Amino acid sequence: MFARIEVAMRPEFSDPSAAGFLRKVELAHPEIRRKIRWARLLEVYWLELPASREELIPAITEVFWDRVLQWLFTGNLIPKAAGKHGGIADLLEGAPNRPGKFWAIERRFRPGVTDNVGRTAIEALEIVCGKALPEGRAASGSLVVLEGVELDEELLARVARDVLCNELIETWTVLPESELKNNDRFHPERIRRDIPRVKRESAGTSGARVEELPLEGLGDAELESLSQRRLLALSLAEMRAVRDYFRRPDVQAQRRELGLGAPTDVELEVIAQTWSEHCKHKIFGAAVDYSEDSNTGGKAGIPAQGIPARVESLFKATIAGTTQELPKPWLLSVFKDNAGIVAFDAEDAFCIKVETHNTPSALDPYGGALTGIVGVNRDILGCGLGARPIFNTDVFCVGPLDHSRPLPERILHPRRILGGIRQGVEHGGNKSGIPTVNGALVFDERYLGKPLVYCGTGGFLPRTIAGVPCETKEIRPGDRICMVGGRIGKDGIHGATFSSLALDQDSPVSAVQLGDPITQKRLADFLLEARDLGLYRAVTDNGAGGLSSSVGELATLSGGARMDVARARTKYPGLKPYELTVSESQERMTVAVPPERLPVFLALAERRGVEVSDLGEFNRSGRFDIEYEGKPVGSLQLEFLHEGVPRLELKAVWDGGPPEPKAAHDAGGAIFEARGPELLLSLMGRPNIASKEWLIRQYDHEVQGTSVVKPLHTVGAGTPSAMSGPNDAAVLKPKPGSDAGIAVACGINPKLSDLDPYLMAQAAVDEAVRNVLCVGAEFGNEESVLALVDNFCWPDPVSDPAKMAALVRACYGLREAALALSAPLVSGKDSMKNDFRGKLGGDSVVISVPPTLLMTAVARVSDIRRSRTADFKKAGDALYLLGGNRLGLPGSELAQLEHELHSTEAGVVRPGLPDWQEARRIYSWLGGAQGKEQGKLRSLHDVSEGGLLVAIAEGALARGLGAKVTLPADRDPWALAFGEGFHSFVATVSEEDSSALEAEWKAFGVPAFRLGSVTGFEKLEVTWEPGARSWNVPIKQLRLAWQKGGYWE
Amino acid sequence: MSGRKPRTLVLHGDGVNCEQETAEAFRLVGFEAEIRHLNDLIAERMSLDELSRRYSVLALPGGFSYGDDLTSGKVLALKIRHRLGWNLGAFAERGGLVLGVCNGFQALIRMEVFGKDISITQNAQGKFVDTWIKATPSGTRCAWLRGVGTLELPIRHGEGRVVFAPTRKTELLGKMERQGMTCLRYEGDPNGSEEGLAGLCDPTGRIFGLMPHPEAFVRWTAHPEWTSQPGRASAPGQGLALFENAFKEASHVLG
């Protein structure tokens, strides 16, 4: 039978979902919001169930109806579940204006889109009916009911498009009052039509569903057009290499033996996925000719050391090469697995991976970010023998939220982007029970075309699992290929190749996927249980490229594989062999199970509600053989598949960067007095600096009970006067029985790319390391654990020598900084196609992101009981600037503000450059390798966006304290107060400890300036030119600006 | 039976996610804690008798069972009711203790442990919130809260607003208060919960559910302001008191 169920909050209760919807309408279309006088949001379910009405009515009542809170509108099915009219009229009566004019917008998923709630509805009905309902179908959606006499269909269509739906995955219908009040939508025929259904393609024989694509005799133009038509994203050189492979006599002989003729679509797709930039990192492996334009005409170049004229592979030279030069005893596995693995202590290890999910997030911010976070979780689950995710990190780079100019076609407003990705990470992290502990938000116009969404996960695992070292990845011939978790659908076909292309207005819908955190949670729980029982030999995730990548990669461990894709469980029938092979449907892992352990593995999976498809076996054939119902549909030599991609040759020419800006007037005095307070207030409210509390509090950052230093520290929690301030990094205590901890933080500074990506990369490393030092990380001893993860997001450098030069410089900047700080790189990922090409008012536009490097630092904290936070603790404490010699205005938030205000820049305009010798001295002392008085630091906060005064304000505003600061007379007040750069911290210590600390700083060469004191008055008082000039700003104003600037709905 | 360590069954599966730290909190005060998958209990058909015989405490930890689809805790409650058929009231009468935290509390409400005119729904602000709150116990009914003062604990939920059937609210509240069921209230209003209710117990005082997470504050270094008192870094957190109460009570029952 069929049923349509509309679930409404009873009118006695407020409807927070409707209120949230109205807030979004207000931001997107305030003029429409004013016309809406009342709104309620209903959940809608469409059911098709092979059961009788008598059986179903009680089941539906029990599953869908909360009598206290809700009414159900079901047509004539369960009239008693509604109010006195038995239908939606009951709800409309609750509207304040009567007789009003009512409308509704209905939202449904498009066919094939993951519908988690629909899936749960079936499970719940099965529980209540006490039997399986394999033919049962349930879909979920929503209905917004609105009242407003001035509303019309066109206005509501705008709301549907811009606020309620993402038309890539959802459809909508506007219902006028007459339709709302009649019961047509409850008619079985109508319900049947409304349940989204994937159209079955006319089934042929399985053979006919594999297409042969002869390459022999194709010329260059035809090869290129084939690559484009099939979304292979393969270059001409690559297409030629593929054609030549299939020409080889040994290959042809082998194919004849298997009954294969011309290359199949399965084979080309597998090659395309494996060779995609996303999977193969061809740019990082390319041979690069680097030169510097000699005619830089007064442009500022940062002296960059050691960049050769020819780089054979940036990855080998600057990433892996850097780590090779830092052979730490605690490095267990680097660059060869899904994530880097590092020893935590004698028994346990931790691992980390950071991914980007930019293209999917541009199309569907919610689904893109959700699959980003659950995807990187799977990297951790598939790291070594499998690790338990213990934290997530998230960094978003988006366009300005107040962007008000017209947007190019198919680009979503940054507010929708951020709102969607925020929610995606919320659902991905919270529902998986993994705390989101660290992150950053960066705003820049150039992220309008493609937002950057970085999702990171840390994992924890025993160093020995079922008698085997945790980093082992070994497969023996005969081990079964098991696909575990979700089923395969058309979602996410071509994700890997697609992200290797620029985004344009015709980008395919199938590249979008939605995640299902609960299926994944079950999968994760099951795998960790199976791991500890030693039920599998190797595991990896199904991410980009689907089975083609996961099985194709694991096959190298045994030397071959054969799988029958017809044996894979699917969401719906009718998938072609190539679709089964490359689909990126979520929540799947691939596991190598020894045949003798397969029965136990399968039995456990069944008990945990996890599906397993046994696809075939690993072998030593040297090939990756793919079959469909026992018939070969593809066979590729592993060596060609993994090593056959032609190497790129790229050109890089550095033109010296932008001209050095000149100070328009003298540094100093009078202007600093006139404009200082106002600029400081503006800075506090800048989105790049302002409070991220809005975001942080919607993420569970404490689940698992390991939290020691949180993203915010809070004074007076649970009282009306609660105040929160920012912390620099998170500290976790992963083991109940140990006081050792893990610190995690990030550094990102794309503004400096405009100056020099070499400097940008160094600043990112320095900031990430300073952040972990702030909270108490170890540093400076051979056994100090400090590891880095790099994530490059670049505009396409392939045919742009300047962008390629930017990449080369960033890599060498990173290398120099990592070597200087003795911090190996353990994992990383790059995304090289962050450009948007589209149309704006008929004109072509290209928007490219600024070269952006995210550095994530993870470090061990020897004893979490000595962790530090950034908030000033007590009035009367002495206030110091540690470091402080390396600050400069170019690339600072102040420079950006002045640029936006069109005012002349003040101060001495010279960028802050690093001094790694000095850095090592400061960091070794902070990290406990030198001296013994570190425990006396009461607070420590790094000087980053906004500069010194912003850092001081952030330290003061969290506890209702103030500060009295005197800037050293021999320094330019602008550069010192607002400059950004390297190696600098604000520290507070009790007055009685100050002399001991000063002595130690002197002894160990740590530059320290006494700035003044923490005060009990909520005021920041700044004096310079000793005694001559000063100004002050109330902390309350600074706090308000900081909070207001960071509140985005 | 005397002499053995009291045992806690910590329920797991289908999206429960605080099982480790919940088990750890029970262990810290002396319990033996077993994390058991709901499907395993169903597979072995664990009866209420068996539950009472083996375990002093049943704990329903926090998490997102079934992704909060069809309202929080709902499908988990349906599964316990239909597949295990446990009557928790009877478990309590036989001396058992039950703790439901966050999603576990939501499931207890859906199982109508606190009556059928109570429900729990979306926070008034319509958002998930992770923040520390203060909550004050009232009355002496709740076995878990005996002698406990105002607690500082984190809340981490999107659906923590306790509500009553509008037509019966006054009558119901009066009755529940007389029975000591309204045992934990927020200071302030973090989520719009009626009467500021943060937790409820059943009339026996042995079944206790709450939205704040006591298992997340068993060591002082979990507090958002602990670094201002570094001298207390090794001290226990306030949430531990609840588990200690349960241990005393369970040991007493075991004799």
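1. Chain A exposes about 35400 Å² (Shrake-Rupley method, 1.4 Å probe), and carbon and sulfur atoms supply 50% of that area. This is a predicted model, in which local features need pLDDT of at least 70 and side-chain atom pairs count only at pLDDT 80 or more. Residues are numbered from 1 along each chain as its sequence is written.

2. Of the 1049 residues in chain A, 65% are buried, that is, under 20% relative accessible area with a 1.4 Å probe and protein chains only. Along the principal axes, the C-alpha atoms fill a box of roughly 85 × 80 × 60 Å.

3. Chain A has 34 helices and 44 strands, assigned as DSSP runs (helices H or I, at least four residues; strands E, at least two) and numbered from the N terminus. Among contacts (heavy atoms within 4.5 Å) between residues at least 6 apart in sequence, 83% join residues at least 24 apart.

4. Helix H23 of chain A (residues 598-607) has as its buried residues Leu598(A), Phe601(A), Leu604(A) and Ala605(A). These lie on the same side of H23(A) because they cover an arc of only 130 degrees around the axis, judged by the directions from the helix axis to the C-beta atoms. On the other side, Pro599(A) and Glu606(A) are exposed (over 50% relative accessible area).

5. The buried residues of H23(A) pack against strand E17 (480-485), helix H20 (517-532), strand E21 (588-593) and strand E22 (612-618) of chain A. Gly609(A), with a positive phi near 70 degrees, follows H23(A).

Terms used
Chains lettered and ligands numbered in written order. Heavy atoms only, no water.
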